[in-house]
Amino acid sequence: MSVKIRKGDTVRVIAGKDKDKEGKVIRVYEKDHKVLVEGVNMVTKSVKPSAANQQGGIVNKEAPLDISNVMYLQNGQVTRIGYKMDGDKKVRIARKTGDVID
């Protein structure tokens, strides 16, 4: 099964503790069917001091969400994503409006 959400897409969380939050997809983990969304599912992590981070300490960062818990957001509305052939090229479309996404 192909992953329809891509890096850079704006999504809304539809389930879990961060339900109804919106953000931009930072990274997609296709193998695990997870996505990393900017500002969503924040966790605290203890970091040891290193050359890059002299201080160390507690850091807040995003944790991956299951891809089934997010939906693509277009013009403030959530929509499913479909595919359509545009000539000889396969393009993503928004199912609700029929508009070409990319």
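Is Glu 22 buried, partly exposed or exposed? Glu 22 counts as partly exposed because its relative accessibility is 43%; buried means under 20% relative accessible area, exposed over 50%, and partly exposed in between, with a 1.4 Å probe and protein chains only. This is a predicted model, in which local features need pLDDT of at least 70 and side-chain atom pairs count only at pLDDT 80 or more, while totals for chains, interfaces and linings use all residues. Residues are numbered from 1 along each chain as its sequence is written, and side-chain values use heavy atoms, with hydrogens and water left out.

**Open sheet**

- Six strands make an open sheet in the order β6-β3-β2-β1-β7-β8, with antiparallel pairing; strands (E, at least two residues) and helices (H or I, at least four) are DSSP runs numbered from the N terminus, and two strands pair if DSSP finds at least two bridges between them.
- The edges are β6 (65-66) and β8 (77-79), each with a single partner strand, so one side of each has no neighbour in the sheet.
- β1 pairs with β7 in the antiparallel sense over 3 bridges, and Val 13 has Val 70 in β7 as its bridge partner.
- β1 also pairs with β2 (residues 22-29), antiparallel over 3 bridges; here the bridge partner of Val 11 is Gly 23 in β2.
- Between β2 and β3 there are 4 bridges in the antiparallel sense, and Val 25 stands opposite Val 37 in β3.
- β2 and β3 form a hairpin with 4 residues between them, and His 33 in the turn has a positive phi of about 55 degrees.

**Hairpin β9-β10**

- β9 (residues 81-86) and β10 (residues 89-94) pair in the antiparallel sense over 6 bridges, with Ala 94 in β10 as the bridge partner of Ile 81.
- The two strands form a hairpin with 2 residues between them, and Gly 87 in the turn has a positive phi of about 75 degrees.

**Nonpolar core**

- The largest nonpolar core has 15 residues, and those with the most contacts inside it are Ile 5, Val 11, Val 35, Val 37, Leu 65, Ile 67 and Val 70.
- Two or more residues of this core come from each of β1 (10-13), β3 (34-37) and β7 (70-74).
- A nonpolar core is a set of buried Ala, Val, Leu, Ile, Met, Phe, Trp, Tyr and Cys residues joined through side-chain atoms within 4.5 Å.
- Leaving out residues up to four places away in sequence, Val 35 touches Ile 5, Val 25, Arg 27, Val 28, Ala 63, Pro 64, Leu 65, Ile 67 and Val 70 (contact means heavy atoms within 4.5 Å).

**Asn 41**

- Asn 41 lies in the loop between β3 and β4 (42-47) and counts as buried at 14% relative accessibility.
- The side chain of Asn 41 reaches the backbone oxygen of Pro 64 at 3.3 Å.
- Not counting residues up to four places away in sequence, Asn 41 touches Lys 17, Asp 18, Lys 61, Glu 62, Ala 63, Pro 64 and Leu 65.

**Salt bridges**

- The count comes to 3 salt bridges, each defined as a side-chain nitrogen of Lys or Arg within 4 Å of a carboxyl oxygen of Asp or Glu.
- Arg 92 forms a salt bridge with Asp 9, the closest N and O atoms being 2.9 Å apart.
- This pair links distant parts of the chain, with Arg 92 in β10 and Asp 9 in the segment before β1, 83 residues apart; both residues are buried.
- Glu 22 forms a salt bridge with Arg 12, with the closest N and O atoms 2.6 Å apart.
- Glu 22 lies in β2 and Arg 12 in β1, so the pair ties together parts that are 10 residues apart in sequence.
- Lys 21 and Asp 18 meet through their side chains in a salt bridge at 3.3 Å, N to O; Lys 21 is partly exposed at a relative accessible area of 40%, whereas Asp 18 is buried at 10%.

Technical notes. Polar contact = N/O pair within 3.5 Å; in protein donor to acceptor, adjacent residues only side chain to side chain.
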